[in-house]
Amino acid sequence: MARAILIWRSAMVVLVTMLLASCSSQGPAGGTETAAGEGQGQAGAPPPAAPRPEQALLEELVLANRILTREVGILDIQAHVSARSKTNPNHWYMARFVAPGGASLSDMVEYDVESTPVQGPRNDNARETFLHGQVFKARPDVMAVVHAHTPEFVAFGMSSVPLYWGPNRQVPVWDIRPVNGGRSGIVSDNPLARSMAEKLGDNEAVLLWGHGITLTAKSLPEAIHRSVALRTNARIQLAAVAIGSAVAPEAIVDDATADQKAWDHYRRVDLLAENGKVPVDPAPMPAKPSDPVGAARHDLVVANRILTDESVGILDTSGHVSLRNPSNPNSYFVATAAPGSVTDKDIIERDLTNPGPDTTGLSIDDEIYKARPDVMAVLYARTPEIVAFTNRVALRPVVNGAAFIGDGLPVFNISTLDPKQPLLSNAALGKGVAAALGTKQGALLSGHGVVMTGRSIYNVVGSTYQLRQNARIQQLALALRGKVTHLNDIPVPPEPQGGGANAGAGPQGGGGGRGGGGGQQLGPPEGRDWVYWAQTIPIR
């Protein structure tokens, strides 16, 4: 009897212990997380793995990625930040091919200074690992590297007006074309990265022509504070030019106390948003129907919400995005509600053979889908930054992500339409836009808006975001009142046989490029931009 009671008590102790452990390790819905420095797992999951070597550094790197994206807006969906190992100066860490704002501990990869993954070949490396590796190799004093496409930095890189680190201290500009066969593009191999590192020299940062910036620091806190300080200098210069002044920004000085103060603040804000924990795994994607039509309707809802989010900024309560029916090429899906509140109930199917009346510009979609069997998605928007370039000043490519602009997007002159008829109800609008579009990816409507097409809903969302970014950057570069260069100012030589080092340098993930060994580089089929937005933009 006593033995039976002892066994029962032991079982109860084990059960209570398991329940307590489960409750204490329960993270917020959507992914496994750890309290900073603790390494706890999600309830119901297998026992958590032992902390990784340099766990504390990796947790700081996750936070740095998220802070630089979410809290201070330095990184975009394609940028990255890295940190040198504190135990092996010839190794460093960076996230795999994911958007930095959604980085987690499981995304962190260890590399050597030649940008070879330490744990063996893999095909999900970020495309520009080499940029970081060669900086760490050339500069033993550097402990963190930020590579960003922040509009202000790109604008200065494309203008003859220099960006100042401080009085009489200009940030150098590296032009990739002389060492890349005359082509623009990403820093996709070690020779290109070495050339960039040589231009960096012993400077704190270097601007990359048509691309962005590479900035160095002695710590992750300094990397964040320094990035913000340099962008502030850029904004001061832009503001001074706007009022006809000639202000020389103050010097950016090393101040470990200020670095730590800023780090503590941003870290607190980011951890608060994550219930005090550093994410171990990426957030899950929203559940999606398995049938093609259901999946298409789901993607259309997500696209509407993404395009209206402030971080993307393409649609307001007007405009629309549509998606060809994967089961019937003669019809497409589009929402009748304002984009920011679209649900599946708002989606209708429109028949190309009998489209019916239209008062919202759907004739544009009708005619494009008829004329272009290759087009699977169409977007119509009145994005202010893009509309500004539909009349006197031509929209030109100034950043790699918008290289598809090429020699310019066609412009459809809406003044040719019947002025007595509302624009979006004008029967000639759709035919005129489709004719102007031709085989291009997009077309501008003079003084009014933009129409973009894509081979997928993911492609049209990503490319329109890049188009808006390009317009913002071109506007900033022009505002500096210097000479502005463009990606297509000189004839671009054809890519080498096989696509070249910069194949796949556009806004979409899922292919192209070279990334540390492991064969064809893989990214999420939707593109890392779509994945990040779908993970973080709420759909209520």
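**Notebook: largest pocket and cores**

I began with the lining of the largest pocket and sorted it by class: 10 nonpolar, eight polar and nine charged residues. The model I am reading is predicted.

I then looked up the volume of the largest pocket, which is about 620 Å³. The lining has 27 residues, and I noted those closest to the pocket centre: Gly73, Leu75, Ser311, Tyr465 and Arg472. I listed the elements that give two or more residues to this lining, namely helix H2 (55-71), H4, helix H6 (220-242), H12 and H13. H12 gives the largest share, six residues.

Next I turned to the nonpolar cores. The largest one holds 52 residues, and Ile457, Trp530 and Trp533 have the most contacts inside it. I found eight elements named here by span, each supplying at least two residues of this core: the helices H4 (151-157), H8 (292-308), H12 (457-479) and H13 (528-536), and the strands S12 (320-325), S13 (328-335), S15 (377-381) and S18 (449-454). H12 again heads the list, with nine residues as the largest share of this core.

I checked Trp533 separately. Leaving out residues up to four places away in sequence, Trp533 touches Ile77, Ile306, Ser311, Val312, Val461 and Tyr465. A second, separate core has 49 residues, among them Leu61, Val72, Ala95 and Val278.

Last, I wrote down the overall figures. I counted 13 helices and 18 strands in the protein. Of its 540 residues, 54% are buried. The accessible surface is about 23100 Å², with 56% belonging to carbon and sulfur atoms. Among contacts with a separation of 6 or more, 69% join residues 24 or more positions apart.

Key. Residues are numbered from 1 along each chain as its sequence is written. This is a predicted model: local features need pLDDT of at least 70, side-chain atom pairs count only at pLDDT 80 or more; totals for chains, interfaces and linings use all residues. Side-chain values use heavy atoms; hydrogens and water are left out. Helices (H or I, at least four residues) and strands (E, at least two) are DSSP runs, numbered from the N terminus. Buried means under 20% relative accessible area, exposed over 50%, partly exposed in between (1.4 Å probe, protein chains only). Contact means heavy atoms within 4.5 Å. Accessible areas come from the Shrake-Rupley method with a 1.4 Å probe; for residues, only the protein chains shown count as cover. A nonpolar core is a set of buried Ala, Val, Leu, Ile, Met, Phe, Trp, Tyr and Cys residues joined through side-chain atoms within 4.5 Å. On a 1 Å grid over the protein atoms alone, a cavity is a set of points where a 1.4 Å probe fits but cannot get out, and a pocket is an open set with protein on both sides within 12 Å along at least five of seven lines; lining residues have an atom within 4 Å of a point. Grid points are joined across faces, edges and corners, and a volume is the space filled by probe spheres set on the points. Ala, Val, Leu, Ile, Met, Phe, Trp, Tyr, Cys and Pro count as nonpolar, Asp, Glu, Lys and Arg as charged, and the others, Gly among them, as polar.
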